[in-house]
Structures are given as structure tokens and as C-alpha cells.
Amino acid sequence: MSAETAFAGVVGAEHVLGPARLALRDPGWCAGSQGAGLLVRPGSTAELAEVMRVAAAEGLSVVAQGGLTGLVDGTWSAPGQAIVSFERMARIVDLDAAQGVAVVEPGVTLAALDAALAPLGLMAGVDIAARDSCTIGGMVATNAGGTRVLRYGMTRASVLGLEVVLADGTVLDLMAPLLKNNAGYDLKQVFIGSEGTLGLVSKVALRVFARPQGSACALVGLEPGALGAVMVALRAGLGDGLAAIEAMWPGYYDTVAGLIGLTRLPMAGQGLYVIVEATGTSDAAARSALEACLEPLLEAGLLADAVIAQSQADRAAIWRIREESGAIDAAYGVALSYDVGLRLADLQGYVERLTARSPAPPLVFGHVGDGNLHVMFALPEGVERAPFDALVYDTLAEIAGSTVSAEHGIGLEKRAALQAALPPPVLAAMRSLKAAFDPQNRLNPGKVL
């Protein structure tokens, strides 16, 4: 019996896709994601567990795939492997408004969850630009971050429980959706951010939050050296109402605005562009609080300029520049993207060192409220990646307390950087975990480690 036939006996022949049907599908952000030539779509935890048993019996390793929005080749697959897609496991199981908990299957998109939560006055803590296609399972697997980390934390901070299927088909029920639970080791934390290398998430219990009744958004211009003082003032002035602080360096801001045809810029000619978003009991209250916070900063000369959105159209125009980094990928032959983390005081120094050393100008933006920078290089066809990897990570290694991945994970792309960045005892501990949960190395082999 072939592997395809064995899988079909579990999920049905229509849910086992060979090379011809796979070739019709979008591979997402990883060009090699369909390389296995075999994809299986389980429809339940029981089917997923049986799929894993069949894969083990057939000697196949497994690569899990969700929305295919990852940027580090974490979904790359090859012959001798089977892709497990969670597109059929996309049910919202329960929404408990009283406790603030959502229980969902891994294939639910962030946008679908948000749409279901909105009538209850709730929302997910994490928000990312790929919300329409990224899945909750993928967000858990990569510990996704995004624009609300400053207020609500990474995905890890929202996960109350998991159901996980191991490589041999064993199902771990770690689903108790309690805010307080100290019953032994918190095993769910091991799987969050593990990129499908330790187990496959089959159900998630998420803490969800009250949707703000109002919000306000401003684009401010300042010199990079003033960023620290401005952030201290914003935290003090807005308190829990401070929802996001996002920054764009001029190269990125001007490039993206040009690519998307935004000829009437909200602001121009600044050393650094920073988006500040505040929440409140109403739009008017949030705007008033934001104005009261920004005014003294302008008077003190810490801000060079500020534009407060007066409508949703204004807000969309401001955020569009920040979230349209994909326009760079579409416009250039080679668009390299890096995701690093540094202390706030080191952000500008890192950007300056990159700029001085790079043969092409770095296009930089990021979640400066939590020290996360995204660095892109827009290059012509034929340019090799290796020198830019060395530039980004060697420069980063000069700065203590930095990380080679703030939110996108490791996948294939950052394995060498991770090996160079982490102490040997830490890497050894990671390998011990991998061996304990996946001794046959069947789960997303070759990724992370």
C-alpha cells in the first residue's frame, strides 16, 4: 500500500494531494513549501493523530503548514516528507465572553477569529499585517508578535491551553483554559514558538481582551536620538491607553510610499517617523488624551512635527505605509528581510552601523516599543544573500543583549545565525528537548536546529 493510499484511508482521497494538485496552489512566502509533492488535510484531532501514525509507519517526516505567511522558510518541504495542512481544522470551538477565552482549531485565521469576537466586544491580543491569511496554529508555532505586543504581549502571553499531537500520534491534552494553573510543568510553553519541530498544535485556548471602545492614531516626526525620551513620556502620559509605538526610518518610509503611489504623504522630511496609537472610552477621549500627551513634547522640541488622524481614512493612510512592506518584495528582483531585536538604546546605533557598512541602503521599520526591528534590502536580480546575512548578524553580534529573531522564528533561514548567537549549553538543552519529544526527527526536520 502506498503512503497516499494509507493517508486516503484516514482522511479521504479528496484530501490527499499529489504533485499535480499541489502545483495549482499558492506556495506562500516560501518558494519550496510544496516540495514534498504530497499534502494531507486532516479534519480533526483524531484524524491528525492517525495521519502521524501512518507517516511514522511509512517512514515519512512531516512538515506542518498553516497560512504560509512565514518569512524564514519554516514550511520548506522535500520528497520523502508529507505536508500536513490545517485548512480543514478551522472551527471556532467556543467563545466564553465571561471568562475571556476563545477555543479554536489551528486553521482558524486571525481575521476570522476577530470577526467572531467583535460582536462580543472582544478581540485577540496579537495583531499582524497578515491577519487575513495567518492561522492561529501558525501564530502559536512561531510565537507571533505584531503591533500590539507593547500592550498585550506576544502570542505566548495569550495562550492558556493547547492540544498537541506528537510524532507518534500521541495526543497531549494541555487545554485547561485557566488564568491560574500551577499543576506541574507548564508543558504548553515548550510547544509555543517551536515551529512544528516538537509537536503539532491541534487546538488552542486563547485569552481574549475587551475591544477598545475608541482609538486615536498619530504620526510624529522626531530625531532618532529623542526616541527614548519620547517613549518614556508616552508611557507616562497614556498609561494602559498606549497601544502601539511603531517606527519607520526615512529610507523605508519614502520607498514604500512611492511604491504604493501615496503621493500626498501624511508627513515628510523627518529623521524618524513614529506611529503612536492610543485607546480610550471613545475616539474623542483617545484623541484628547493623545493630543494632551503630544503637545508638551512638541513644545519641548522632542517632536519636530505631529499629525493626528481625524478619520478612519487618515488612520488607514498612516498605517498603510507601515504595513505595506510586501510592496518591496513585489517591486524588486531580490528583497531580503531580517527580523532582529535590540534594547531601545541600541536601535539607532545598529541602524547607523548597517547603513555605513552596507553596499545597499537598509530599509528599516519595526515595533520599537518592544525593541523589534525589521531590516530589508531591495536589490536587483542575481545578488547573493550571504554577504547581507553576514552584515546583519555580524553587526548585531557587536551589541550585547540582542537577538537574531524577535518574532519571525528560525526556520531554515536563520539556523547558522542561531548557532553562532547562542551559548553551547543552551543549544544542547534545545537538542535534548527535540530528542525527548521527537526522537526519530520526523517533525519539520532540519528547521531551527
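**Helix α9**

I looked up the buried residues of α9 in this predicted model and found Leu-227, Val-230, Met-231, Leu-234 and Leu-238. Buried means under 20% relative accessible area, exposed over 50%, and partly exposed in between, with a 1.4 Å probe and protein chains only. Seen down the axis of α9, these buried residues fall within an arc of 100°, so they line one face of the helix. The arc is taken over the directions from the helix axis to the C-beta atoms. On the other side of α9, I noted Val-232 and Ala-236 as exposed.

I then checked the packing. The buried residues of α9 pack against β11 (214–222), β12 (242–248), β13 (272–280), α11 (283–299) and α14 (347–357). Contact means heavy atoms within 4.5 Å. Helices (H or I, at least four residues) and strands (E, at least two) are DSSP runs, numbered from the N terminus.

Helix α9 covers residues 227–238, 12 residues in total, and reaches 16 Å from first C-alpha to last, close to the 16 Å expected at 1.5 Å a residue. The expected span is 1.5 Å times one less than the number of residues. Gly-239 follows α9 and has a positive phi, near 55°.

**Ground rules and confidence**

I number residues from 1 along each chain as its sequence is written, and side-chain values use heavy atoms, with hydrogens and water left out. The model is predicted: local features need pLDDT of at least 70, side-chain atom pairs count only at pLDDT 80 or more, and totals for chains, interfaces and linings use all residues.

pLDDT is the predictor's confidence in each residue, from 0 to 100. The protein chain has a mean of 94, with 100% of its residues at 70 or more. Confidence is lowest in helix α6 (residues 149–152), at a mean of 88, and highest in β2, at 98.

**Strand β6**

Next I took β6 (residues 101–104). Val-101 and Val-103 point one way, Ala-102 and Val-104 the other way, and all are buried. β6 pairs antiparallel with β5 (residues 92–96) over 4 bridges. Two strands pair if DSSP finds at least two bridges between them. β6 also pairs antiparallel with β10 (residues 200–210), over 4 bridges. Ala-102 is the bridge partner of Leu-95 and of Leu-206 in β10. The β5 and β6 hairpin has 4 residues between the strands, and Gly-100 takes a positive phi near 75° there.

**The open sheet**

I traced 4 strands in the order β1-β2-β4-β3, an open sheet with mixed pairing. β1 (16–17) and β3 (61–65) stand at the edges, each with a single partner strand, so one side of each is left without a neighbour in the sheet. β1 and β2 run antiparallel, joined by 2 bridges. Val-16 stands opposite Val-40 in β2.

Most residues other than glycine have a negative phi. I logged Asn-143, with phi near 50°, in the loop between α5 (136–142) and α6. Asn-143 is buried, at 13% relative accessible area. I also logged Asn-444, with phi of about 45°, in the segment after α17 (424–437). Asn-444 is buried too, at 2%.

**Gln-34**

Last, I looked at Gln-34, in the loop between α2 (19–22) and β2 (39–40). Gln-34 counts as buried at 14% relative accessibility. Leaving aside neighbours within four places in sequence, Gln-34 has contacts including Leu-22, Arg-25, Gln-65 and Ile-83.
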